[in-house]
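Here's a friendly walk through a protein model, one piece at a time. Have a look at the structure first, then read on.

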Amino acid sequence: GPRIYCAMMHIETSRQARRGYLQQGQATWATHCDGYIMWDESREDIAEFDSVVASKDPLDIRLKPSGLSHRWLRTRRLWRHLSGTELEKYDWFCVFDDGGFPIIENLRPLVRHLSPDDAVMMSDRDRPAAFGSLLSRGAVRVLQGLLDKDRHCPRPTKQQPLTKLQAYSTLWSCLVRAPDVRRITWDQPDMRHLLGCQDGDEPVLNFKARQAEPLCRYTAFAFMIP
């Protein structure tokens, strides 16, 4: 079956919270992934990875280990790391932040009949992927070609460090305009069928907002884990 690599980016600033996310992630969603990483630059191993890919960035800046600032720059470095070390080992890449919880066993049927070498971006509805994204190996290759070369994939500079850009919306804007990338949403009819959705059912469980709609039988993602 398809090999899915999971990558969670820490945005929590509390060391205790990050440690808790690490432990809970390893005990839950990570057990369903074929490989995973939790991107926290305060850890020695991740800091080493970060320093390698930072050399390819136009802006020489030492990042805070977590938090909201420089999230797009951190995301770029995470994708550069995945492209350089994991791209040929896995078929699909599920990337989200520490408020997300992917239901990997429910995502596998959605990609089983898709070629990972085709450029495919899968996310929640036709909008910035607030609940994370699932990218094929082909889409990651396209993304690497767009970084620093497309105005929708902005490169940080000393004059404009882009500290406040949202990572998911920027990634979405970067890829959605690429002519070779196919967009698939969890809410389109064929995906809803695979998730066991009835009319009105939601494919994503959002703890951040009061959700009156019933859930699909197989939920794709949960967001804002309490």
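## The sheet

Let's start with β1 and β2: these two strands run parallel and are joined by five bridges. Met9 sits opposite Trp39 of β2. Strands here are DSSP E runs of at least two residues, helices are H or I runs of at least four, and both are numbered from the N terminus. Two strands count as paired if DSSP finds at least two bridges between them.

Zooming out, six strands make up an open sheet with mixed pairing, in the order β2-β1-β3-β6-β5-β7. At the edges are β2 and β7 (182-185), each pairing on one side only. Helix α1 (residues 15-27) packs on the sheet and touches β1 and β2, and its direction makes about 170° with that of β2. For such angles, axes are lines fitted to C-alpha atoms (for helices, over the stretch in contact), and values run from 0 to 180 degrees between N-to-C directions.

## What to know about the model

This is a predicted model, where local features need pLDDT of at least 70 and side-chain atom pairs count only at pLDDT 80 or more, while totals for chains, interfaces and linings use all residues. Residues are numbered from 1 along each chain as its sequence is written, and side-chain values use heavy atoms, leaving out hydrogens and water.

## The cores

The largest nonpolar core has 29 residues, and Ile37, Leu78, Trp79, Leu82, Phe93 and Leu175 have the most contacts inside it. Such a core is a set of buried Ala, Val, Leu, Ile, Met, Phe, Trp, Tyr and Cys residues joined through side-chain atoms within 4.5 Å. Buried means under 20% relative accessible area, exposed over 50%, and partly exposed in between, with a 1.4 Å probe and protein chains only. Another core, of 27 residues, lies apart from it, with Phe96, Leu110, Leu195 and Ala220 among them.

Leu110 also turns up among the buried residues of α4. Six of the eight residues of that helix (residues 104-111) are buried, so it is largely enclosed by the rest of the structure.

## The disulfides

There are two disulfides, meaning pairs of cysteine sulfur atoms within 2.5 Å. One joins Cys6 to Cys33, S to S 2.0 Å. Cys6 lies in β1 and Cys33 in the loop between α1 and β2, so the pair ties together parts that are 27 residues apart in sequence. Its S-S torsion is about -90°, so this disulfide is left-handed.

The other joins Cys197 to Cys216, and this link is right-handed, with 100° about the S-S bond. Both Cys197 and Cys216 are buried. Cys94 is in no disulfide; the nearest cysteine sulfur, that of Cys6, is 5.2 Å away.

Terms used:
Contact = heavy atoms within 4.5 Å.
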